[in-house]
Each structure stands twice: as structure tokens, then as C-alpha cells.
Amino acid sequence: MTSDRRDNPWWIRFQPIVEPRARLFCFPFAGGSAGLFRAWAGRFPHVEVQALQLPGRENRLREPPLRRLDEAIQPLTDAMATWLDRPYAFFGYSLGGLLAFETLRLLRRNGSRMPARLLIAAAEAPACEHARTPPVHRLSDEDFVAELRRFKGTPEVVLQTPELLQALLPMLRADFEMLETYAASDEPALNVPVTAYGGTVDEEVSPDKLAAWSDATTGSFSMQFFPGDHFFLKTSSESLLAAVAGELESIR
């Protein structure tokens, strides 16, 4: 990772740009890390990609993971303040969509510069019911791992390596707890264009739950679907990157 004087543990800049036209802040899914977006750096002309790194993973592995979404919002928002000097957009995947949404609302409350776009992928809208019965984060290790395998977001090599799995389980449980205990507070809708991306065979986020993001904004809203399940980020990566690039092209 390349570093400069403005680096901090919350936001990873894989290829810093001295004078970027815009910035894209990426929020990963539950159990994910900044490394998910390493390959995105350099894919968008003159747009600097910065990826959120929550505690408990990669270079922050020794830090205790956060279990409530609102615990993360203030520090990650404070940590991005330096980089809001250019037009920017948010991209949030699954849990990352809710993190991006709540970060945007905090920025609005602070009177900060707002993003030009909110790009959401594989994420239920804030108004949806996020709790599950029984709560996934409270399952036994055996049942929790079975759920991870069903979601198909955790590499099989991790699930089949006991030492690695035990090291990552606290972070994975914490991320699911963050998602399952989230409830949006009552605030006015955003005035930011929102684009929502979905997988054609996503069993976790239905088209209706994706479409409900239209209620979160008074700005424009559109949806686009890609071949794949909840993790079409992996199976339709080039098509998704092309769609995101199209959105970023209009940001000046």
C-alpha cells in the first residue's frame, strides 16, 4: 500500500493521485476489507479510490471489531474529512451500503460537502427489517459457519482452515451483529442521486428491497442488475466496474 502524510487506519489509498478529478469512497460487505477494492485503483481516469478498513481485519487485525454500526460512523467520517476537498461518490456493498448511507447522513448533519452520487450494491434499503430470526451472529460456531458457506462471501479456504477461521470469527460475527442490530433513525430523505445495483439471483436482497432505496432520496434513482447472486461483485466484476465508471464520468 502506498502511504503519504494524510494516511490513517480507516481509509486505504492504494494508488494516491496528487490532483484527482474526484474520489470514490468504497465500503465493503460484512466480513470484507479494504483489499476487496485494491483492483479498482487505477480503473477510473483521474478518480482516486479509497477503501474503508474497519477494525479487526488485514492491517487492523489486532484491534477489536466494532459491533454496532453507529460506533463506526463517527470515526470513519472524521477520518475522511481531509479528503472532501474534491467532488466524490460513495460505493457501498451490502453492509457497506448502510455504512455509506449513515456516513452520508452524518456529513449532512455536520454541514459537510455532500457526495455527487451514492452507489449501492446488494444492500437492503435502510427502512427494511435487517434483523434475522434467529440472529445469525448468535448462532453456534457450526451453524454460523454453515451460514457463511450459504452466503458464499467467505473463501472456502478460510472456512476449511480451523486456525484462520477461529482468528476471523470474532470479526465476522461482529459484522453480522452490526447489520442485524441496525435500525435507521427518522430523518428527512437525502437529496443525492442514488443508483442501486443488484444480482439477478440474489436470494438475500430482493428487487423490492433494492428498489426501496428510492424512498431514501429526493434525488434521482435508478437500478441495474447483473448476472449473479449476492456476491455478483466477484462474478460480474467487469460489468460492475463499467457501470461505476459511467457514473463517475459525470462527476466534475
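Student: Is E48 buried or exposed?
Tutor: E48 is buried, at 0% relative accessible area. Buried means under 20%, exposed over 50%, and partly exposed in between, with a 1.4 Å probe and protein chains only. One caution: this is a predicted model, where local features need pLDDT of at least 70 and side-chain atom pairs count only at pLDDT 80 or more, while totals for chains, interfaces and linings use all residues. Residues are numbered from 1 along each chain as its sequence is written, and side-chain values use heavy atoms, with hydrogens and water left out.

Student: Which side chain meets E48 in a salt bridge?
Tutor: That of R13, at 2.7 Å from N to O. R13 lies in strand β1 (residues 11–13) and E48 in strand β3, so the pair ties together parts that are 35 residues apart in sequence. Helices (H or I, at least four residues) and strands (E, at least two) are DSSP runs, numbered from the N terminus. A salt bridge is a side-chain nitrogen of Lys or Arg within 4 Å of a carboxyl oxygen of Asp or Glu.

Student: And is R13 buried or exposed?
Tutor: R13 is buried, with a relative accessibility of 2%.

Student: Why would such side chains pair at all?
Tutor: Side chains of opposite charge can pair when their charged atoms come close.

Student: How many salt bridges does the count come to?
Tutor: The count is 21 salt bridges. One of them joins E156 and R149, again at 2.7 Å from N to O. E156 is partly exposed, at 34% relative accessibility. R149 is partly exposed too, at 38%.

Student: Which residues do shared partners join into one network?
Tutor: R13, E19, R23, E48, D85 and R86, linked by salt bridges.

Student: What about R109 and E187?
Tutor: Their side chains meet in a salt bridge of 2.5 Å, N to O. R109 sits in helix α2 and E187 in the loop between α5 and β6, so this pair ties together parts that are 78 residues apart in sequence. R109 is partly exposed, at 48%. E187 is partly exposed, at 22%.

Student: New topic. What is the nearest side chain of opposite charge to D202?
Tutor: It is R150, 8.1 Å away. D202 is buried yet has no salt bridge. For charge, Lys and Arg count as positive and Asp and Glu as negative; His and the chain ends are not counted.

Student: Where is D202 found?
Tutor: In the loop between β6 (194–199) and α6 (207–211). Its side chain has a polar contact of 2.9 Å with the side chain of H230. A polar atom of the D202 side chain also lies 2.8 Å from the backbone nitrogen of E204. A polar contact is a pair of N or O atoms within 3.5 Å; within protein, one must be able to donate a hydrogen and the other to accept it, and residues adjacent in sequence count only if both atoms are side-chain atoms.

Student: H230 again, then. Which residues are closest to the centre of the largest cavity?
Tutor: First, the space: the largest cavity holds about 240 Å³. Of its 21 lining residues, A30, S94, F151, L179 and H230 are closest to the centre. On a 1 Å grid over the protein atoms alone, a cavity is a set of points where a 1.4 Å probe fits but cannot get out; a pocket is an open set with protein on both sides within 12 Å along at least five of seven lines, and lining residues have an atom within 4 Å of a point. Points are joined across faces, edges and corners, and a volume is the space filled by probe spheres set on them.

Student: What gives the most to that cavity's lining?
Tutor: α5, with three residues.

Student: And the largest pocket, what is its volume?
Tutor: About 270 Å³. It is lined by 16 residues, and G31, G32, S33, G153 and P155 lie nearest its centre. Helix α5 (residues 162–180) gives the largest share here too, three residues.

Student: How much space lies in the second largest pocket?
Tutor: About 200 Å³. Its lining includes R109, along with R68, D70 and Y182. The elements giving two or more lining residues are α1 (69–80) and α2 (95–109). The largest share, four residues, comes from α1.

Student: Last one. Is H46 buried or exposed?
Tutor: H46 is exposed, at 55% relative accessibility. H46 also has a positive phi of about 65 degrees, although it is not a glycine. A122 has a positive phi too, about 50 degrees, but A122 is buried, at 1%.
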